[in-house]
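Let us work through a structure together, in short questions and answers. Have a look at it first.

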Amino acid sequence: MRDYVTFLFRVWRLSWQGSWKFYAWMTLLSVVSLVGLNAYAHQFVEGLQTSNMTNQVSWGAYIANFTFLVGVAAAAVMLVIPAYIYKKDYMHEVVLFGELLAIAVIVMCLLFVTVDLGHPERFHHMIPPFGIFNFPGSILSWDVIVLNGYLLLNMHIAGYLLYCRYQHRQPTKKFYIPFVFLSILWAVSIHTVTAFLYVGLAGRAYWHHPLVPARFLASAFVAGPSLMILAFQVIRRVTRYYIGDQPIFTLRMIMTVAMIINMFLLGCELFTEFYYPTQHATAAHYLYFGLHGHHALVPWIWSAMALDFVGLVLLVSPWSRRIVGLNLACVACFIGIWIEKGFGLIIPGFVPSALGQIVEYLPSRNETLVCLGIWAFGTLMFSWMLHVAIPIMNGSLRANPELSSPTQ
Amino acid sequence: MSHEPQDTVSPKTIEQVYQPMKRRTFLKGTAAAMVGMAGLVAALKPLLALERGEITIDDLLQKHYRQLTPEDLQRIMQSLEAKCQQEYGVRPTIRDLKPLDGVEFGYALNLTRCIGCRKCAHACVAENNQSRDDANDIEMSYIRVLEMKKGSINLETSTAFYDPETVPQKDKYYMPVQCHQCAESPCTKVCPVQATWPEKDGVIVVDYNWCIGCRYCMAACPYDARRFNYKKPTIKPEQINPNQNYLSNRLRPKGVVEKCTFCLQRTRAGKYPACLEVCPTGARVFGNLLDPNSEINYILNNKRVYILKEDVGTQPRFYYFFDK
């Protein structure tokens, strides 16, 4: 126990050690986070009127970002599976970073849901015994369970492995292996349940569609790995932790397959919506071509389509065997999927409204600031976790260090 | 790939972690912490504008409507009355009318007669104390009247924002839509905290003191029947209807969802809903579905009845019918 307190203290000390570049980066992220917090404080006082949401479009940028990020968190499983099921040793070099990323991203998800609430101070209404949990009826209740469960699982696995590394001993298998396998199933469940949030609503034809969960997973396994590929390169460039090319190219293979599946499913969806014109296709029509002179989302979705297409071509071609091409593909896919899965999925669910009325939506300035704040805060968390995890991973932070000079 | 870490954490810095903290480091840390705290306080400054008593310990500890003892509820309703008096100078009477035994409400609307005058939508706002910016503002009304093109029942080609000199227009007919009080209600199914539920008489209500404002029910509703208070409701003292009910038309806080309750503050006391009373053409029929001799049952048994979006499976208690 005392060792653990010492460990925490050292981690805390380490958090404040770093070069001026590290300080500049963390300060920048803190400032943006605070700007977001300030925007949220305005929203808290004035209500959600600070957003551009309406009675017709009752979910917007917050829920769109939430949906996208659940997928990114779930994608940590794409490091876990090669490492633990296919026993690829080189994946063990990086699997912990995937888990840390999942932790940061799940926290972002929870923040995005919280800022969307009209009464965040009543959050305990969801937590028995203080509140009433509508379980198993409400899919949102399921989502609360799976998201928090996934957060705890990853915190346990990552925390335990890091602490063992710090103490310089082999981790005991039974304390983490069962959780690792559970986390694989759990990762799939968080994104499936999030998809079911929408699919379960029979009144919204655009969402009431069995392909949605499948596409969610496929696109998540592109967006998540693309972020990790970029993060790993930053890690190997600015820290004393070596990551080889093998994990990166394993991820490339995974995202290529996932992107092909994603685009195929997209094609199936477009065929169903557009081959035979039904009233159920009006939302898709609004998204891709505009409806009755309203086309706020049209430039967005075609940018997403272009980015997706560029990403796909780069991935299946030899260009992405070189790191520059791969990075381009990652950026294109990440942004493309962020648009198509966030705005492209959530907003057309409400346009036209359930009564066929068209009220358009794009986020307000305040909403955008809150979103930026949460993204900055997530990045801040991930940077901090890497900052303390890497010296533990490469063995420089130890429980019993051999000091070059005696302790004073 | 070359690997020359231009590192943030060198062995030298790691070593400092094991050493006791130096005075200088401590002071630097304290200074940084103070800057951080100042930033945090500055970011949170808008919170000072929170109205006094907007969030109280009592509110946070309040239980769900169905777990309240009658005494608790009495006390809460009295404090709501006092709050309204203090803020608007009007003292409402807030009651908690329970569902009547042997009653299940149903509503039918005659599409042949409706002329699209929107008097129902306005009466709704006046009766139910919705937020409004001016006399013409019916955005928060629980009734949306759709102007439909003759020749189809297609919502996609309808408009709720019509504004001609006179109604009805020759090539149009009109379809008011409000909460259908569905027997298979998607909205109550999805609510994560059971803040909305169907009562014994079929009316679906919201506990405004329990709703967390996630708006999942609004996404679930196929009839666009729910409204959200994006801001604190704006209503003038002289516009307040003092005949209020805890689960229906009492003044709402910001950040909660509200909806049509078939005016339960009236209908549970034996009166008709406000929208029915104001209708100039008698297009609206309201009554007890469990009473075989009620007018509503006569309509259901003898007229051509249309159920909006029957394919969604919601089993509404709201029906449309045609005269001929």
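Predicted model: local features only at pLDDT ≥ 70, side-chain atom pairs only at ≥ 80, totals over all residues.

Student: What radius of gyration does chain A have?
Tutor: The C-alpha atoms fill a box of roughly 75 × 55 × 40 Å along the principal axes. A compact globule of 408 residues would have a radius near 22 Å. Chain A agrees with that rule, at 22 Å.

Student: How many residues of α6(A) are buried?
Tutor: Across chain A, 53% of the 408 residues count as buried. Helix α6 of chain A covers residues 95-116, which makes 22 residues. It is mostly covered, and the buried ones number 19.

Student: How far does α14(A) reach from its first C-alpha to its last?
Tutor: α14(A) has 29 residues. At 1.5 Å a residue, 42 Å is expected. The reach is close to that, at 41 Å.

Student: Which residue follows α14(A), with a positive phi?
Tutor: Its phi is near 85 degrees. The residue is A:Gly395.

Student: Which element gives the most to the side of chain A that touches chain B?
Tutor: In all, 70 residues of chain A are in contact with 67 residues of chain B. The elements giving two or more residues to that side include α1, α7, α9 and α14 of chain A. The most, 10 residues, comes from α2(A).

How values were computed
Residues numbered from 1 in each chain as written. Chains lettered and ligands numbered in written order. Contact = placed C-beta atoms within 7 Å. Helix = DSSP H or I, 4+ residues; strand = E, 2+ residues; numbered from the N terminus. Expected span 1.5 Å × (residues − 1). Buried ≥ 20, exposed ≤ 12 C-beta atoms within 10 Å, placed from the backbone. Rg over C-alpha atoms; globule rule 2.2 N^0.38 Å.
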